[in-house]
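Here is a short briefing on one protein model. Look at the structure first, then read the points below.

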Amino acid sequence: MPVSRHFTILYGSQTGQAQAIAEEIHEKSSQNGLETKLFCLSQTEKKFSLEREPVVVFVVSTTGEGDPPDTMLKFMRRLKKKTLPSDHLKNCQYALLALGDTNYTNFCNNGKTLDRRLHDLGAKHFYDTGHADDAVGLELVVEPWIDGLWDAVKECLGMNEISNESVDDLHDGKGNDIQDVGKDSNSASSVIHNGKPQGIEENNQKIESEIQKNSKEKENPIESSPRESMSNDNRKNNSENCIPNETPTIQPQASLKRSVEPLSSSSLSIPLCSPPYLEIDFESENTMPSKDDLSHGRQSLSMATIVSAKQLTANDAVKTALEIELDITDCGLDYEPGDSFDILCSNNEDEVSELIGRLGLDDAADIPFRTSVIPSTTKKVASRPKHIPELCTMKHAFLNCLEIRAVPKKALIRMLVEYTENPQEKRRLQELCSKQGSSDYHAFVREPSVCLLEILKAFPSCKPPFQRLLEHLPHLSPRPYSVSSSPLSDPCRLKFVFNVVEFSPFEDLRCNRKGVCTGWLSKVTKEMKSMGQDDDNLSNEFRNIDLSNRSSNKIIQVPVSARKNPGFRLPEDLKVPTIMIGPGTGVAPFLGFLEHRKLQIERCNGDKQKGEMWLFYGCRHREKDFLYKEELESYHHSGILDHLVVSFSRENSDCLCPRYVQDNLKLHAANLGNLLFNNHAVVYVCGDAKNMAKDVFTTFCDIIEQHLGVSKAEAIKEMAKLRAEKRYHEDVWT
């Protein structure tokens, strides 16, 4: 009986990362002599039944407060049925790759939950579970996990002996043979020619031969062909990568453009270049649809009108916070306090123009085109991108459809290698997408949030075709903002507050730059200043602006869509105490909470009792960035807010004074413990996930440990119970 080569890949994805990784495994399976089926977990019972799948690879992400992605909810509901017997999946062997972010408390919770449930139903691991952390880079776990997967699958299928002839020919995206595809970071690389892997000894002989050959080619030490530029030899004559002879004591510094020893002279294991699968056909005789018809390639968007804009911080504050009020009368956008909403703004026009110029596309930028899948593509999962309108232009795609600010993934950098002429630039791009260059990729691409335009500035001989960028750039994502108002005040008005995001300069490639959406909103505010009224306490750049009575030709609108947050709601029972923790702009949803409570009490003529409301707020300086100071103090004085506890992190030199919200939480530990365990209070945390939310969680563990007299492990279990009872909520971001 022939040995099966088949296994099934199932993914649950919220933003597309899990799907992209699952598709990568699907694409690479044939290169490893295997055959796969690929399904989204939303297709359960339509395309697959788990109990009938003998070998399965899961790739799943975690969203919200440790929840499954939307595409996985139905699957998990079925899997969690109590009527399923303990041997329901006894014939299933599986591997699991879980994606998460350690900036959030429930790291990889969905993957861990799935793992436990599969085990409870009798399924067995054939490969260790991977937990990839987006906080430090998913690729640090994903790449070695995938590399080790193939041998594990083959062993599971009984394919321990696979002949070389069964491996498909390997080619890059342009039909060239790929060299140097290593099994893992600890093994020697194998060189592949014409689809046949050669032995390690033969590989080493070839490398030595190329070293000797290239040492003679001083005028052009690195050839531009993919094959020769992957060898480990010829960097020694590269003046960009070596210590100059005249200054032997000066060590060169690594940068985005340049590597140093040992990477600059290392053999590289680089991924295969994904095959092209899109083509475009220009239709110069056609005209583009109107902007309204294009709708940014999205559905469910509507236009909200800006009616006021206000700066909340002083001129010399470290961060600039703005409040904007929207008229949502015609949006059909209903909300509750605690909800968020999305804004989808265009990319920066100057950046788009520069990007088009760098790619040499000026003449074709405004010519309409249609996108289709190349009939002969070898890519297994190939479809026309839905976020690109059927009739589009390059300028419109870059401006409204593609995330040009996204940090380039290694697959994109690998593709750029194929369209880079300069040998030194080609080599450096190869390093950045290689296993050996992982630390450089993190330091010079991921950490500084380098974008495509900055990569093209750093490597000017790189000129990828537009359709290849369509294949690799993600779609332009909406930006979520917390609502800071109550619909009881005016259901047609919505307020939100945000910091203007700024990125620091990086090498010689960029000056200060603002975030895509916050930069655009701040620009809009500047453009509106001539319609506003002067305020001596604010900068000339931002002023209090009221446009509620403006003339029709001065309407400024933003595309918005609803983004419900049902897990971040005030208790329906007014008597339930609430503990709110929100430093900086994290106070935004609590302004909505307080306004809502005030209006609820007013509407019942004060007949209903109200539970205690605590707000722990923090900022740097009392006079510079204490957001909503007057409003919060007014709520406090009126009794709506029973306790306003504020900390200032940059004012007090006395180390005994509370500087952060968690310091004040500790000072009020006895009250908080009593509220939690004797009065069933509900806790809400909003703000920075990277530091604040973690510290607040740890502080509550300490409070529980002290209040209940239990161990730290038991305190953590109590926190888990509070989450399960919907009494500890987080609305946090990185």
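Ala 669, Leu 672, Gly 673, Asn 674, Leu 676 and Phe 677 in helix H19 meet Phe 700, Ile 703, Ile 704, Gln 706, His 707 and Leu 708 in helix H20. Contact means heavy atoms within 4.5 Å. This is a predicted model: local features need pLDDT of at least 70, side-chain atom pairs count only at pLDDT 80 or more, and totals for chains, interfaces and linings use all residues. Residues are numbered from 1 along each chain as its sequence is written, and side-chain values use heavy atoms, with hydrogens and water left out.

**Helices H19 and H20**
- The contact of H19 with H20 has eight nonpolar, four polar and no charged residues.
- Ala, Val, Leu, Ile, Met, Phe, Trp, Tyr, Cys and Pro count as nonpolar, Asp, Glu, Lys and Arg as charged, and the others, Gly among them, as polar.
- H19 spans residues 669-678 and H20 spans residues 689-708.
- Their axes come within 9 Å and cross at roughly 80°.
- H19 and H20 are therefore roughly perpendicular (65 to 115 degrees).
- Helices (H or I, at least four residues) and strands (E, at least two) are DSSP runs, numbered from the N terminus.

**Strands E21 and E22**
- E21 (residues 613-619) pairs with E22 (residues 643-648) in the parallel sense, over six bridges.
- Strands pair if DSSP finds at least two bridges between them.
- Phe 616 stands opposite Val 645 in E22.

**Around Asn 32**
- Asn 32 sits in the loop between helix H1 (17-29) and strand E2 (35-40).
- Asn 32 touches Trp 150 and Lys 154, not counting residues up to four places away in sequence.

Key
Axes are lines fitted to C-alpha atoms, for helices over the stretch in contact, and angles run from 0 to 180 degrees between N-to-C directions. Angles under 35 degrees count as roughly parallel, over 145 as roughly antiparallel, 65 to 115 as roughly perpendicular and the rest as oblique.
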